Amino acid sequence: MSYRERDLVIRGARLHLYEMGDAGPLLILAHGFTDHGLCWLRLAQELAPSARVVMYDARGHGRSDPPPAAYTREELAKDLVALVDAFGGERPIVMGHSLGADTAAWAAALAPERFWAVILEDPPWSAALYARHDAERRARADRERAQVEANRNHGVGELEAFIREHSPHWHEIEWRTWAEAKALMAPEAAEIIASSRAPWETLVPRITCPVLLLTGDNDLGALTTPEAAAEVVRIGRRVQHVHIDGAGHSLRRDQFEAVLRAIQRFLSDLAS
């Protein structure tokens, strides 16, 4: 299936959208740090026959406007709430990966009445990540910015060759979109790493819609720990947790069929 592209002005910034499908529930996909909207393309192609899928570039990513100097994780969440509102008040299903999962959870906590369901793919939720001090976050943001600048200098072809070598089991769509996203990212977007984050323990109880939490193996690079996942289920109102064996941080890239089945079961339960 082909996708349609357009821009929307959200909270004073131009966000770039990619849309697929014409019928069914509204499904908005929020990508992770250094990715962009089309990094969802393979999954969107599977879901678009029964949903209206919206993939968007967050500020500083893809073809959206760069962020202001003081941009924070909370501003990312407010952008997502405003994007939801731009679709006329229809309650969507929102799926996010990594930073996008954190954004989706924060948005659903800010405006719970606006969301039908939330799917979280390996949000960065663990005690170790939240224990980082300001100086540690600042140092990591500086490293990330340097890497973003280096990626832009390499170009898409070189980046794609790199990811093909390091993740040979990924689908070829994933190689290309991963590389394109890295080449397009604005260096100033790395500042989001230095911003403070709301404890997920305060966000999860405020989410009133059904939640699907997808986690992978920490020894393969997944971020959400088993302890955090168990706590999300305990304090959340309507949380399902599915662990995907053999997946690292990019669950759907590592174990696509298993992730797709989990999402389809969740969506089927919502429909019924």
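Me: A polar contact, as I understand it, is a pair of N or O atoms within 3.5 Å; within protein, one must be able to donate a hydrogen and the other to accept it, and residues adjacent in sequence count only if both atoms are side-chain atoms. Which backbone oxygen lies 3.5 Å from a polar atom of the side chain of Thr-177?

Reply: That of Glu-174. Before you go further, note that this is a predicted model, where local features need pLDDT of at least 70 and side-chain atom pairs count only at pLDDT 80 or more, while totals for chains, interfaces and linings use all residues. Residues are numbered from 1 along each chain as its sequence is written, and side-chain values use heavy atoms, with hydrogens and water left out.

Me: Good to know. Which helix is Thr-177 found in?

Reply: Thr-177 belongs to helix H7, residues 172-184. Helices (H or I, at least four residues) and strands (E, at least two) are DSSP runs, numbered from the N terminus.

Me: Is Thr-177 buried or exposed?

Reply: Thr-177 counts as buried because its relative accessible area is 5%. Buried means under 20%, exposed over 50% and partly exposed in between, with a 1.4 Å probe and protein chains only.

Me: What is Thr-177 in contact with, leaving aside its neighbours within four places in sequence?

Reply: His-36, Leu-38 and Cys-39 are its contacts once those neighbours are set aside. Contact means heavy atoms within 4.5 Å.

Me: Let's switch to Thr-224. Where does it lie?

Reply: Thr-224 sits in the loop between S7 and helix H9 (226-235). With 1% relative accessibility, Thr-224 is a buried residue. Its side chain comes to 2.6 Å from the backbone oxygen of Pro-123.

Me: And what else does Thr-224 touch?

Reply: Not counting residues up to four places away in sequence, Thr-224 touches Asp-122, Pro-123, Trp-125, Thr-215, Asn-218 and Ala-229. If you want a distance to Leu-213, Thr-224 is 11 residues from it in sequence and 9.6 Å from it in space, C-alpha to C-alpha.

Me: Next along, which backbone nitrogen does the side chain of Thr-225 reach?

Reply: The one of Ala-228, at 3.1 Å. Thr-225 is placed in the loop between S7 and H9, and touches Trp-125, Ser-126 and Asn-218 when residues up to four places away are not counted.

Me: Back to Asp-122, then. What phi does it have?

Reply: A positive one of about 45°, although Asp-122 is not a glycine. Most residues other than glycine have a negative phi. Asp-122 is part of the loop between S6 and helix H4 (127-130), and with a relative accessible area of 0% it is buried.

Me: Which phi does Thr-34 have, given that it is not a glycine?

Reply: Thr-34 has a positive phi of about 75°. This residue is in the loop between S3 and helix H1 (41-47), and it counts as buried because its relative accessibility is 14%.

Me: Okay, sheet time. In what order do the strands come?

Reply: The order is S1-S2-S4-S3-S5-S6-S7-S8, giving an open sheet of 8 strands with mixed pairing. Two strands pair if DSSP finds at least two bridges between them. Strand S1 (4-10) and strand S8 (239-243) are the edge strands, each pairing on one side only.

Me: How many bridges join S1 to S2?

Reply: There are 7, and these two strands run antiparallel. Glu-5 has Tyr-18 of S2 as its bridge partner. The hairpin of S1 and S2 has 2 residues between the strands, and Arg-11 there takes a positive phi near 55°.

Me: Which residue of S4 is the bridge partner of Tyr-18?

Reply: Met-55 is the partner in S4. S2 and S4 also pair in the antiparallel sense, over 4 bridges. Strand S2 (residues 13-20) is mostly covered, with 7 of its 8 residues buried.

Me: How do S5 and S6 run?

Reply: Parallel, with 5 bridges joining strand S5 (residues 93-97) to strand S6 (residues 117-121). For instance, Gly-96 has Leu-120 in S6 as bridge partner.

Me: Last one, zooming out. How many helices and strands does the protein have?

Reply: It has 11 helices and 8 strands. Its C-alpha atoms fill a box of roughly 50 × 45 × 40 Å along the principal axes, and buried residues make up 56% of the 272 residues. Of the contacts between residues at least 6 apart in sequence, 76% join residues at least 24 apart.
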